[in-house]
Every structure is written in C-alpha cells, then in structure tokens.
Amino acid sequence: MLLAKKKDIEESLPAFWYTHILYKQNHLKLSERLYKQVEKLFRHVFPKQIIPDKGTLKLLEQIYPSLNLSKVHFFDGLPWFIGDAYVSGIAMPGTYNTDKVHIYLKKYNPRTQGGLAIIVHELFHALQYQDLYKAKGIGLMRLFIVHYLSNYIRLYFKYLRQYGHHNANRLAYEFHPMEIPAFQQEHAFLYLLKTAKGVQPEDIKWGNCVCDTSGYKNPAGKGWLLLGWIIASLMMLAKPFVEIFFLFLAGILSVFSFIFRVIGL
Ligand SMILES: [Zn+2]
C-alpha cells in the first residue's frame, strides 16, 4: 500500500517536487538527490544512445539487407512525448537532423527473443521511412509521419462511433496499413527463431523473413494526408521549443544542485 502510494507520487509529480519528498524520506544530501533528478530529466528528453553489438548488427543486416543501418540510431528508453506505458518501442525521425531514424526502446534487450522481436518490428518501420523519400525531411516532418498520422486519424474516426475512444485507438493501431506488415515481419522472425533451436540468431538463415515494403499502398485520401501534414508540421515546430524548455529547467536545477553542494547541503 505504501509502495503504491509512493509510486503514485513519483509518477504524478514533476521531478523537482519529488526530490524534496525523497530528501526527507532518505536523509540523503539534497544536492545529490537534486543532481540525480537533473540526470533523470535530461535522460527523459534525450534517452541514452546504444550501439548494438556486432552479432546483433550482423543479424539485422541479414534481415534488412536494403536498409542503410548507418542512418538508424538506437536508444535505451522512450522519449518524453511517449507517455503510454504500453508502448515498448517506437521509430521516430531524429529531431535535429534531416535523414536519420531513431529507434527508442523501453528496454533495449537484444539477448531475449521478445527484445529482438521489438527491434525487428521497429526496424521494419525504419525501412518504411527509407522507402518513403529516403526518410528525408526536417525534424519530425517526414513522409512516413504524414502517412502514419493520416491513416491513424482516418481509422480512428472510422471506428470511433461504433466502438468508443479506447477501442478506436487500439483498432486504428492494429489495422494501420503500416503496422500490419511490421507485425507480419515480427511474427515471421519469432517463428524462425523458435524453430531454429540451439542456433545463434546471427547464424540462422533468414531467407523467409527478408521482405520489403513494396506492397505498401497508402489508402488515405488527399484530405487525410493534408491533415497529417498539418499535424506533422505543428509537431516539427513545437518539439524543439519544448525540449529547450526542459533543458533550461535542467540547467537551473543543476545550478541549484551545485550551490547546495558548495554550502554542504
Ligand atoms: Zn509498429
């Protein structure tokens, strides 16, 4: 009960308020606690980049031979704008570059079947990014995002009346024309992985699992595409400002942390 209460507080309060509560509870130095919260806030905005090991890279190159992996960056942790606890991974454009795709994973774990399957699923989206105008654009404004948003909104409104908000969200995701092949790829990968018992993943012959995005046809009409384009543009413009604000806040808190340390708190 106490744990649940503590967790509730942790999730509902901004980091700097929670710091004060932790300080009182744990009798640790305020400067140390504050510094930890600054780190946490920073990592929430900029998750830690991961360089996959050679075995994982070899495996991914075999499954996606046409994908330029040098344009794909991996991160351990979801970014701040993904608040859904059920999201285990997401492929987003890099905010401060023009042709990179960032794969954010709630938990980067290529040593488990589930962890690898999530990476394979998200890399299918990276392939979709690449095949739609070579993933090029400014920040969040990429053709993939326009197609994804327009189809998601189109499907959401298609199901909303009949099934309600929660189910319409789920159905828009499950029947999304860019998600269906990604899930097929994920399931084909897991099937091969489970049938090749005792063989290291990077040594499996992945012929049946190698596929491309050539079957994709965008079903959203021009009106939906325009809506997707407008939302993607607004996101592209707003995201850097929100992140600058977060960095500003982290900067102020780190200055306080330094002052507290100097005066021995
Ligand atoms: Zn997906």
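A: Let's say that two residues are in contact, or touch, if their C-beta atoms, placed from the backbone, lie within 7 Å. This is a predicted model: local features need pLDDT of at least 70 and side-chain atom pairs count only at pLDDT 80 or more, while totals for chains, interfaces and linings use all residues. Residues are numbered from 1 along each chain as its sequence is written.

Start with strand S4, residues 101-105, where you'll find Val101. (Helices, H or I of at least four residues, and strands, E of at least two, are DSSP runs numbered from the N terminus.) Val101 has 25 other C-beta atoms within 10 Å, so it is buried; the cut-offs are 20 or more for buried, 12 or fewer for exposed, and partly exposed in between, with C-beta atoms placed from the backbone. Setting aside neighbours within four places in sequence, Val101 touches Lys71, Val72, Ala91, Pro93, Ala126, Tyr129 and Ala135.

Now move along to Ile103. Beyond four places in sequence, Ile103 is in contact with Val72, Phe74, Phe75, Gly89, Ala91, Glu122, Leu123 and Ala126. Ile103 is also among the residues with the most contacts inside the largest nonpolar core, together with Ile63, Leu105, Leu123 and Ala126. That core has 42 residues, a nonpolar core being a set of buried Ala, Val, Leu, Ile, Met, Phe, Trp, Tyr and Cys residues joined through C-beta atoms within 7 Å. At least two of its residues come from each of helix H4 (54-63), strand S2 (72-76), strand S3 (89-93), S4, helix H5 (113-131), helix H6 (143-174) and helix H7 (180-195). In general, nonpolar side chains in soluble globular proteins tend to be buried together.

For contrast, have a look at Arg43, in helix H3 (residues 30-45). Arg43 counts as partly exposed because there are 16 C-beta neighbours inside 10 Å. Leaving out residues up to four places away in sequence, Arg43 touches Lys48 and Gly77. Pro79 is 36 residues from Arg43 in sequence, yet the C-alpha atoms of the two are 8.2 Å apart.
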